[in-house]
Amino acid sequence: IRDSVMTERASLELHNLPVEVAELLDRLDVHPYLLAHLVLVHDSAQRLVSAIEENWPALSFDANLVHFGAATHDIGKVQHPEEMSGPGTKHHRAGSGLLQGMGVEANKARFAQTHGAWRSGEHSSMEDLLVSLADVVWSGGREQDLEDMITEQLAESDGSELWQTFMALDDILTRITKDAELRLVWQTQFAPDRGDSQQV
């Protein structure tokens with residue numbers, strides 16, 4: 001199943017999942033729809049990270065952690081498949097536990113639980129915020145509060161004015177979201193109900 005999803009992704013020129021993640025997913029019974037979502041969010045995270053590294057070279061963060069987190073953030077939906085097509089947060093804690101049970105360090109497994117934490121105002125690292133942002137923008141979404149949190153850290157890294165930093169980040173996100181419709185169409189082909197479900 002994973003091979004068929006990964007073959008289909010080629011038409012969108014999506015980034016490959018990290019080898020470690022691909023091996024983890026091979027050990028699980030991951031529905032193609034969920035796998036497609038993880039591929040898309042990971043690709044958006046790759047694009048986001050590359051742009052941030054280019055524009056804010058002084059920012060200190062772990063790009064590999066962001067890539068891993070984006071590629072595994074919804075892994076808990078393996079145990080809670082009802083949350084692939086409906087609301088719910090049971091997959092957050094389940095995902096972190098699942099990954100740790102497979103030998104993943106807690107520091108890396110945390111993204112399965114923290115990718116929605118910014119909504120409650122909990123303090124999040126730049127890595128956590130970037131995984132959350134990738135999970136929003138892949139489908140064309142925008143979240144002002146989340147973007148503001150990231151803008152503050154970016155501006156602090158190089159002493160730029162907040163408005164300048166916001167405009168630069170906005171340009172990056174606009175470029176990423178412009179292909180959202182193509183990504184949504186690509187993911188829909190793997191939906192359990194052939195496209196009638198909500199996005200993951």
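Partly exposed here means a relative accessible area between the buried cut-off of under 20% and the exposed cut-off of over 50%. Glu-143 sits in that band, with a relative accessible area of 26%. Keep in mind that this is a predicted model. It's a helical protein, with 11 helices and 0 strands, and buried residues make up 52% of its 200 residues.

**Overall build**
- Take the contacts between residues at least 6 apart in sequence: 66% of them join residues at least 24 apart.
- The protein exposes about 9,600 Å², and carbon and sulfur atoms supply 46% of that.

**Salt bridges**
- The structure has 8 salt bridges.
- Arg-119 pairs with Glu-143 at 3.6 Å, N to O. Arg-119 is in the loop between α7 and α8 and Glu-143 in the loop between α8 and α9, so the pair ties together parts that are 24 residues apart in sequence.
- Asp-43 and Arg-47 meet at 2.8 Å, N to O, and both lie in helix α3, 4 residues apart, or about one turn. Asp-43 is buried at 1%, while Arg-47 is partly exposed at 34%.
- Lys-77 and Asp-74 form a salt bridge at 3.3 Å, N to O, and both residues are buried.
- Arg-142, Glu-147 and Asp-170 are linked in a salt-bridge network.

**Surface charge**
- Asp-145, Asp-148, Glu-152 and Glu-156 gather in a negative patch on the surface.
- Glu-156 belongs to helix α9, residues 144-158, and counts as exposed because its relative accessibility is 68%, with the cut-off at over 50%.

Methods:
Residues are numbered from 1 along each chain as its sequence is written. This is a predicted model: local features need pLDDT of at least 70, side-chain atom pairs count only at pLDDT 80 or more; totals for chains, interfaces and linings use all residues. Side-chain values use heavy atoms; hydrogens and water are left out. Patches are made of residues with over 30% relative accessible area and no salt bridge: like charges are joined within 9 Å, nonpolar side chains (Val, Leu, Ile, Met, Phe, Trp, Tyr) within 5 Å. Accessible areas come from the Shrake-Rupley method with a 1.4 Å probe; for residues, only the protein chains shown count as cover. A salt bridge is a side-chain nitrogen of Lys or Arg within 4 Å of a carboxyl oxygen of Asp or Glu. Lys and Arg count as positive and Asp and Glu as negative; His and the chain ends are not counted. The place of a charge is taken as NZ of Lys, CZ of Arg, CG of Asp or CD of Glu. Helices (H or I, at least four residues) and strands (E, at least two) are DSSP runs, numbered from the N terminus. Buried means under 20% relative accessible area, exposed over 50%, partly exposed in between (1.4 Å probe, protein chains only). Contact means heavy atoms within 4.5 Å.
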